[in-house]
Amino acid sequence: MELKNIEELAKELGIGKRTLQRNIKKLISLDYNILEVKNTDMGIVYKFNYGEQTPSGGYKKYVTIHHKMLRVLANVFSSNAIKIYCLLNYMTDEINFKTMSNKWLAEQIGLSADSKNNLDVITDVVTQLELCGFIETQKTKVFKWDEKKKREVPQIDKSYRLRTYKEWEVIQKQIKKKK
């Protein structure tokens with residue numbers, strides 16, 4: 001992969017050229033195709049293909065992740081966590097909450113939803129993404145019909161929204177103060 005102005009980009013990010021190349025190679029090995037590195041008013045962002053492919057070979061939607069957030073994701077989190085964050089980035093926004101189950105999240109990133117271990121992985125990843133300020137969750141008590149019990153039973157629905165870069169930055173500063 002050829003990346004234009006890699007030295008300039010590395011300088012902007014405050015990292016070495018080789019570190020930038022290594023991190024990009026790591027992301028490529030996770031089966032993400034970097035569309036574009038773009039300098040925005042919020043800083044440098046990477047645009048990823050993540051979504052359904054169109055007949056012309058393009059993608060219906062891409063996700064944008066601020067370069068500082070991406071650096072933390074790539075350096076700290078597992079590939080499953082990055083997949084979940086990209087999926088949540090694709091499915092939600094920074095304003096509205098969207099309800100998704102752990103089983104659905106597991107299926108979408110290629111894990112079996114029938115495995116308690118896989119569902120625990122989803123729970124752990126979501127918890128850490130929230131603690132590190134990448135996402136916000138809401139729990140809502142709802143009543144759903146249970147065929148076995150032949151009555152409505154209470155359940156907890158979990159909803160997600162992305163945190164803005166500024167919200168993430170505040171949480172990161174709070175985490176660093178605790179050290």
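What percentage of the 179 residues of the protein count as buried? In this predicted model, local features need pLDDT of at least 70 and side-chain atom pairs count only at pLDDT 80 or more, whereas totals for chains, interfaces and linings use all residues. Residues are numbered from 1 along each chain as its sequence is written, and side-chain values use heavy atoms, with hydrogens and water left out. The buried share of the protein is 39%, where buried denotes under 20% relative accessible area, exposed over 50%, and partly exposed the range in between (1.4 Å probe, protein chains only).

Among contacts (heavy atoms within 4.5 Å) between residues at least 6 apart in sequence, 47% join residues at least 24 apart.

The protein contains 7 helices and 6 strands. These elements are DSSP runs numbered from the N terminus, with helices (H or I) of at least four residues and strands (E) of at least two. Their order along the sequence is α-α-β-β-β-α-α-β-α-α-β-β-α.

Strand pairing, for which DSSP must find at least two bridges between two strands, was examined for strand β6 (residues 151-162). Strand β5 (residues 135-146) pairs with β6 in the antiparallel sense over 12 bridges. Within this pairing, Glu-136 has Arg-161 of β6 as its bridge partner, and Val-142 stands opposite Gln-155 in β6. The two strands β5 and β6 form a hairpin with 4 residues between them, and Lys-150 in the turn adopts a positive phi of about 55 degrees. Strand β6 also pairs with strand β4 (residues 98-99), again in the antiparallel sense, over 2 bridges. Here Thr-99 stands opposite Ser-159 in β6.

Cysteine residues were considered next. The structure holds 0 disulfides, a disulfide being a pair of cysteine sulfur atoms within 2.5 Å. Cys-86 counts as buried because its relative accessibility is 2%. Cys-132 likewise counts as buried, its relative accessibility being 18%.
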